[in-house]
Amino acid sequence: MSAILYPGSFDPVTHGHIDVILRLRKLFSRVLVLVADSRRKQYLFSTEERVEMMQKALKTAGAKNGVDVFGSKMLTVDFAKKEKINLIARSVRTVADWEYEYAMADANRKLLPSLETLFIMADPKFGFISSTLVREVAAFGGDTKEFVPPNVAKALAEKYKRGRKCFQNERRV
Ligand code: COA
């Protein structure tokens, strides 16, 4: 098998996402990781920050050639067309993910009929992790190392330290 596109928000990337990417790389000679935006979400990290975090995390995880990270503000199908990719991977943790994933796969296929979506099960070890949960832990000053790569844990702590300082200052006024 040749190339597959793995799009996501990765706000931030978690151990679960990294596990999926490394497993995809065993099946495909090239994995294009696409850090994209969803209009349904408000992001903590900018696209550039998410790309950089992903690159560092993959390096630490030992991903070598064949895994490339891109940032995009365009439709995922347009990126796929540009890169001549006809396969998208999405990861499913529990049945709760299914309806959203099915709708997205269906919309993508209507936009680009040659595009197939392949669903890969998240490792049950990481099935409870979500980017929202990780942000919540970090927002209250919790340690996120269990859930995310070291560089991401550091970036989260930095981001919220600044936020908490602002909040404390606001309360003093
Ligand atoms: N491990 C850990 N978490 C996982 C996971 C795994 N294996 N698999 C899924 N998740 C979680 C994520 O943590 C995330 O949690 P959150 O909802 O708390 O943030 C959630 O599942 C899904 O997030 P993610 O995988 O980052 O992707 P997304 O659903 O935010 O991505 C895009 C959506 C960006 C791919 C989609 O909106 C897109 O393609 N946008 C570009 C514009 C476009 O084409 N729009 C039309 C789409 S039809």
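Modeller: Start with residue classes: Ala, Val, Leu, Ile, Met, Phe, Trp, Tyr, Cys and Pro count as nonpolar, Asp, Glu, Lys and Arg as charged, and the others, Gly among them, as polar. The structure is a predicted model, in which local features need pLDDT of at least 70 and side-chain atom pairs count only at pLDDT 80 or more, while totals for chains, interfaces and linings use all residues. Residues are numbered from 1 along each chain as its sequence is written, and side-chain values use heavy atoms, with hydrogens and water left out.

Biologist: How far is an oxygen atom of the ligand from the side chain of Tyr100?

Modeller: A polar contact is a pair of N or O atoms within 3.5 Å; within protein, one must be able to donate a hydrogen and the other to accept it, and residues adjacent in sequence count only if both atoms are side-chain atoms. For Lys41 an N or O atom in the side chain is 2.6 Å from a ligand oxygen. For Tyr100 the distance from a side-chain N or O atom to a ligand oxygen is 2.5 Å. The protein covers 87% of the 940 Å² of accessible area (Shrake-Rupley method, 1.4 Å probe) that the ligand has on its own.

Biologist: How much space lies in the largest pocket?

Modeller: Rolling a probe the size of a water molecule over the atoms shows where empty space is left. On a 1 Å grid over the protein atoms alone, a cavity is a set of points where a 1.4 Å probe fits but cannot get out, and a pocket is an open set with protein on both sides within 12 Å along at least five of seven lines; lining residues have an atom within 4 Å of a point. Points are joined across faces, edges and corners, and a volume is the space filled by probe spheres set on them. The largest pocket holds about 1100 Å³. Its lining has 39 residues, and Gly8, Ser9, Arg90, Tyr100 and Met104 are the closest to its centre. S1, H1, S4, H4 and H5 give two or more residues each to this lining, and H4 has the largest share, seven residues. The classes are 16 nonpolar, twelve polar and eleven charged. The ligand takes up the space of this pocket, where a molecule sits in a pocket if more than half of its atoms lie within 2 Å of its grid points.

Biologist: Which elements give two or more residues to the lining of the second largest pocket?

Modeller: That pocket has a volume of about 290 Å³. Phe45, Glu49, Glu52, Met53, Lys56, Asn151, Lys154, Ala155, Glu158, Lys159 and Arg162 line it. The elements are helix H2 (47-60) and helix H6 (150-172), and the largest share, six residues, comes from H6. This lining has three nonpolar, one polar and seven charged residues.

Biologist: How many cavities of 30 Å³ or more does a search of the whole structure find?

Modeller: The search finds one, and the largest cavity has a volume of about 40 Å³. Its lining consists of Pro7, Ile88, Arg90, Glu101, Met104, Ala105, Asn108 and Thr117. H4 supplies the largest share, four residues.
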